[in-house]
Amino acid sequence: MNPKVAATADEASFALANEEEDEKAYTAAILMIAAMLGAQDGAFIYRDAQEGIRVLTPGRPNDILLTDDQASQLAHSDEASAFLETLGFSFAYTLIIPITGTAMDACFMAFGRDDRLFNKDDSDAVMGFLPRLSSLISARYRLARSERARREAERAYKKNEERLERLFEESHDMIYSVDNDDAIVSINSAGLALLGLRENSEAIGKGFSSFVFTGTDRAGLLKKAASQGYVDDYEIILKKASGEPIFCIESAYCFRDESGKNSEILGFIKDISERIAQERELWKANMELTATNCKLKEAEVLMVQHEKLASIGQLAAGVAHEINNPLSFLMSNHSVFTQFAQTIRSAWEAILASSPSAVEGIKDRFDIAYVLSEMDTMLAETNDGLTRIMAIVRNLKSFAREEMETVIAPYDINKGIENTLIVARNEIKYVADVELRLGALPEIEASAGEINQVLLNLLVNSAQAIEGQKRKDRGHILIVTKGVGDRAVCEISDDGPGVPDELRHRIFDPFFTTKGPGKGTGLGLSISYDLIVKKHKGSLSVERSPLGGALFRIELPFLHPATDVAGGQDCAKDA
Amino acid sequence: MSTNQFDIEASSAALNIKVPSIHLNIGKSSAPRALVIAVAGSLDTSSSPPFFEFMKSALIDAEDAGGLILDIGAIQYISSTGVGSFTAILVESQKRKLPFYLCRVPNCVSSVMQLLGFQAFFSYLESYEELV
């Protein structure tokens with residue numbers, strides 16, 4: 001028996017809080033009761049702070065921790081006695097007292113002695129301690145549970161911290177934090193790798209902006225984070241130590257101190273360079289594909305136009321042949337008939353002068369004066385009509401290239417414009433003013449007659465369009481020439497009514513005209529198109545003019561592709 | 001108010017296009033030979049889709065005007081998606097054979113476009129008057 005603990009229960013300190021002290025208190029209680037009973041040893045079986053079942057035997061150096069199965073055997077005193085024997089708690093007589101009313105199960109006190117039986121007085125004496133002891137055990141148990149919860153929380157916190165540290169270090173994405181001045185406080189290995197750095201010291205303390213390609217982007221992120229506390233999926237371009245840009249996406253969270261002031265920003269940055277590269281290729285391919293499609297469509301329109309021209313050319317050649325022969329003898333007969341009419345008029349006038357009385361009756365009866373007057377008018381109108389038919393046939397022949405002989409020679413386009421303006425003067429002078437902005441251009445290789453014909457067509461068209469507006473003010477025709485790359489460009493624009501969008505694609509079609517009857521054959525622009533595009537390998541287009549009307553743009557190569565022209569001429573011959 | 005600095009706030013309010021949550025204002029005006037659309041704010045992953053949807057409808061009006069000018073002088077931030085929306089507008093305008101110009105391109109935009117390698121695809125204006 002340990003004399004140091006042979007004291008009353010009051011002497012046992014109940015103000016202990018930790019497990020080690022609990023054990024001391026329980027040991028003191030057991031020894032005290034054992035001494036009171038004259039027992040040789042005592043044991044205390046209880047659930048400790050770890051919620052394991054412990055067997056505390058003060059006389060033995062090592063405590064025994066039971067499994068739950070072993071603890072369940074202690075449900076009955078008989079079994080408890082047998083079980084205690086297996087633990088070396090073996091005496092002739094054993095007193096086992098279950099401690100009830102505690103917050104725990106499986107709580108017993110056991111005492112053993114060899115010299116005599118335990119009697120009711122002994123058990124009553126122990127029971128006398130129990131109320132005080134059970135409240136002690138309950139209090140200890142609660143404290144122990146609280147302590148256990150704290151330890152578990154600490155363990156969980158530590159585990160969490162380890163996980164976070166692992167996440168920070170092993171993350172494939174950059175994780176960093178900056179202070180209120182945007183200076184880097186921490187950065188993980190992925191971040192260092194992303195920025196092309198080797199050591200933490202190369203980043204810690206440095207302003208984050210120094211690793212951002214565009215400083216204003218970082219300012220935008222900080223502003224956004226400060227105002228709303230976080231930033232999600234903010235695309236930012238970082239800069240490697242080598243200067244190489246890296247497309248990234250960042251989410252950042254702003255931490256505030258007690259006063260609500262921003263104290264730290266924690267950012268997560270993912271490298272999306274690969275995704276951006278794929279998107280870039282996709283966008284680029286899309287743009288190139290669209291451009292190619294547009295070119296294809298333009299080529300298709302040109303091909304259709306060429307095809308139309310070729311068909312119309314064949315038709316025109318046939319029609320011109322068919323009309324030309326009867327027209328020739330009509331013209332010839334008309335000329336002779338006009339002369340004959342003049343002869344008849346002269347004869348009549350001679351008769352009238354020599355013997356007016358002889359023809360007085362005839363003159364009145366046949367209304368000769370009226371007939372002669374109307375005959376002149378009719379002959380003039382017939383002449384006009386035949387002349388117009390001839391013009392149409394000539395145009396048709398020109399379209400079919402049966403008439404014009406192409407002579408490719410050095411050609412000054414500015415000079416050509418000036419010459420054409422002289423020819424077109426009568427058409428233009430009453431309706432519009434012409435402004436020339438002629439750039440210095442080298443001579444091109446072209447057929448002067450054909451190009452001048454095109455220029456004349458376009459200028460007369462402009463003048464007629466302006467005239468058709470019946471406006472009070474004078475119109476404005478602007479002619480601009482310039483060199484663009486390997487081509488000479490001539491733009492003829494006006495402030496007339498322009499070409500409606502819906503008609504723009506038809507304007508170069510043969511026989512298409514917006515002019516009134518008798519004003520145009522509808523061949524002028526298609527012939528012009530043919531001359532510029534097919535014969536000179538240039539381009540002729542129409543668009544809206546800055547002046548408000550139409551703008552026709554002629555582009556001609558400085559050097560005439562002779563072989564192509566030969567090909568074109570062959571085609572024309574076929575037609 | 002000059003043609004280069006029309007009131008985006010007022011214009012966007014009239015158009016009901018202001019989207020505060022995505023910090024993007026869109027204004028609409030006109031210049032000779034073109035419809036002008038001006039944007040201000042951030043053109044990012046969130047704001048690019050509604051911006052492009054608006055631009056698609058604006059392209060129809062731009063066809064009547066003869067061209068489209070996108071004034072991005074007041075853009076403060078652009079993401080790759082924002083630049084992607086420019087390329088999509090370019091594609092749509094090319095399909096319509098409509099001249100499309102980026103006007104008053106700020107550094108924050110030009111640097112991203114340069115990095116993406118798209119600068120050469122676009123036509124640029126310093127001011128609307130350049131088109132006249």
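**View 1. Chain B, with 55% of its 132 residues buried.** Buried here means under 20% relative accessible area, with exposed over 50% and partly exposed in between (1.4 Å probe, protein chains only). This is a predicted model, where local features need pLDDT of at least 70 and side-chain atom pairs count only at pLDDT 80 or more, while totals for chains, interfaces and linings use all residues. Residues are numbered from 1 along each chain as its sequence is written, chains are lettered from A and ligands numbered from 1 in the order written, and side-chain values use heavy atoms, leaving out hydrogens and water. Chain B has 4 helices and 5 strands, arranged along the sequence as α-β-β-α-β-α-β-α-β. Helices (H or I, at least four residues) and strands (E, at least two) are DSSP runs, numbered from the N terminus.

**View 2. Where chain A meets chain B.** The contact (heavy atoms within 4.5 Å) draws 27 residues from chain A and 23 residues from chain B. About 2200 Å² gets buried between the two chains, 65% of it from carbon and sulfur atoms; that is the accessible area (1.4 Å probe) the two parts lose on being put together, summed over both.

**View 3. The antiparallel sheet of chain A.** Five strands of chain A line up as E7-E6-E10-E9-E8 in an open sheet; two strands pair if DSSP finds at least two bridges between them. E7 (184–187) and E8 (230–239) of chain A sit at the edges with a single partner strand each, so one side of each has no neighbour in the sheet. E8(A) pairs with E9(A) (residues 245–256) over 8 antiparallel bridges, and Lys239(A) stands opposite Pro245(A) in E9(A). Helix H4 (residues 107–116) of chain B packs on this sheet, touching E8 and E9 of chain A, and its direction makes about 135 degrees with that of E9(A). Axes are lines fitted to C-alpha atoms, for helices over the stretch in contact, and angles run from 0 to 180 degrees between N-to-C directions.

**View 4. The mixed sheet of chain A.** Here the order is E12-E14-E15-E17-E16 in chain A, again an open sheet, with mixed pairing. E12(A) runs parallel to E14(A) (residues 475–484), joined by 7 bridges. Val434(A) has Ile477(A) as its bridge partner in E14(A).
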